[in-house]
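The following note sets out points for a colleague who is new to this structure. Please read it beside the sequence and the model.

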Amino acid sequence: MTVEKVITAGEAVARFVTPGAIVGMGGQNINRCPMALVHEVIRQGVGELTVVGCNLSLPLDMLVAAGLVARTEQGTGNLERYGTLFAWRRAVERGEVGVGDHSHLAMATRFAAGALGLPYLPTRSLLGTDLLADMVAAGYAKQDVDPWSGVPVVLLKAMVPDVAIIHANRADVSGNVVIEGVTSHEVDMVRAAKVTIVSAEEIVPEGTFADRPEQVTIPEAYVSAVVEQPFGAFPTSVYRAYDFAEQEIKEYQALGRAGDAQLRDWLAANVHAGDDFDAFLAVRDPQGSLRARLADQMRSLI
């Protein structure tokens with residue numbers, strides 16, 4: 001029997017994102033970040049979160065600016081050529097947010113262990129580094145030896161998020177998900193997580209992928225809720241759908257450099273401007289002209 005999993009972002013966050021949760025964050029830098037879902041977490045004020053992922057970028061900084069993050073475990077926290085995450089950095093420097101530094105590979109390996117249902121996975125990465133010493137001290141890595149060869153290895157503890165949130169190109173009503181382009185750590189993160197919320201540009205009918213199952217990136221068994229949200233990654237990009245909005249990102253980063261008060265004002269004027277992400281899009285792009293231009297830019301690239 002088909003179980004339809006389509007609900008609103010508000011319902012999904014209220015049901016599945018709880019105070020103190022470990023939240024696995026999808027997206028990478030300025031690509032396919034789950035902005036609509038993160039905005040909803042901010043509107044509902046779900047706090048004391050531990051946010052985990054590879055490159056925790058714009059979504060993390062907004063959550064920190066809203067005062068909702070207690071800890072992060074990540075490969076990096078930046079927007080690459082657009083700069084660091086300023087709210088996050090200041091909160092870390094003040095001791096308000098704890099940090100567990102990883103390499104990208106180490107974080108991805110921890111998700112892979114969780115996806116396989118294993119307590120840890122071995123790797124030769126990190127050997128001889130200061131980063132490994134920090135991870136050992138934090139309790140999620142251990143240096144050991146291969147029992148067959150005697151060669152040193154690192155054992156990385158599995159990461160099992162309480163909830164994973166990602167944005168995708170398409171999903172059907174029962175939760176089969178199609179992601180086009182780079183998936184990074186997301187597939188293993190979703191498989192490892194206890195619960196997964198997926199926002200998608202488009203929700204399609206049951207059976208849409210029946211004659212082409214190879215297109216399904218994440219099967220329905222791993223998905224708890226599906227939210228339809230066009231432009232749900234804005235201002236980041238979605239491959240084959242729309243490009244990233246550079247001026248929006250630059251504006252946010254300029255406010256981030258200026259200070260926390262400026263970011264809080266931005267959240268109040270934009271994220272809290274209405275009841276959902278469509279209201280936010282209406283504030284940022286009232287006529288839809290920016291979104292149309294971003295879609296045209298992506299079409300010109302593929």
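1. Contact here means heavy atoms within 4.5 Å. Helices (H or I, at least four residues) and strands (E, at least two) are DSSP runs, numbered from the N terminus. The model is predicted: local features need pLDDT of at least 70, side-chain atom pairs count only at pLDDT 80 or more, and totals for chains, interfaces and linings use all residues. Residues are numbered from 1 along each chain as its sequence is written, and side-chain values use heavy atoms, with hydrogens and water left out.

2. An open sheet has 3 strands in the order E5-E7-E6, with antiparallel pairing; strands pair if DSSP finds at least two bridges between them. At the edges lie E5 (120–123) and E6 (141–145), each of which pairs on one side only. Neighbouring strands of this sheet are turned by 30° against each other on average, direction ignored.

3. Strands E6 and E7 (residues 152–157) are joined by 5 bridges, and lysine 142 has leucine 155 in E7 as its bridge partner. Helix H6 (residues 130–138) packs on the sheet, where it touches E6 and E7, and its direction makes about 110° with that of E6. Helix H5 (residues 104–116) lies across E5 and E7 and runs at about 140° to E5. For these angles, axes are lines fitted to C-alpha atoms, for helices over the stretch in contact, and angles run from 0 to 180 degrees between N-to-C directions.

4. Strand E3 (residues 69–76) runs parallel to strand E4 (residues 98–101), and 4 bridges join them. From E3 the chain crosses through H4 to E4 in a right-handed β-α-β crossover (clockwise from the first strand over the helix to the second, with the strands pointing away from the viewer).

5. The largest pocket has a volume of about 170 Å³. A pocket is an open set of points on a 1 Å grid over the protein atoms alone, with protein on both sides within 12 Å along at least five of seven lines; a cavity is a set where a 1.4 Å probe fits but cannot get out, and lining residues have an atom within 4 Å of a point. Grid points are joined across faces, edges and corners, and a volume is the space filled by probe spheres set on the points. Of the 13 residues lining this pocket, Val64, Gly67, Ala91, Arg94 and Glu96 lie nearest its centre. The largest share of the lining, 3 residues, comes from H9.

6. The structure holds 1 cavity of 30 Å³ or more, and about 50 Å³ of space lies in the largest cavity. Its lining includes Leu58, Phe234 and Trp266, while H8 gives the largest share, 3 residues.
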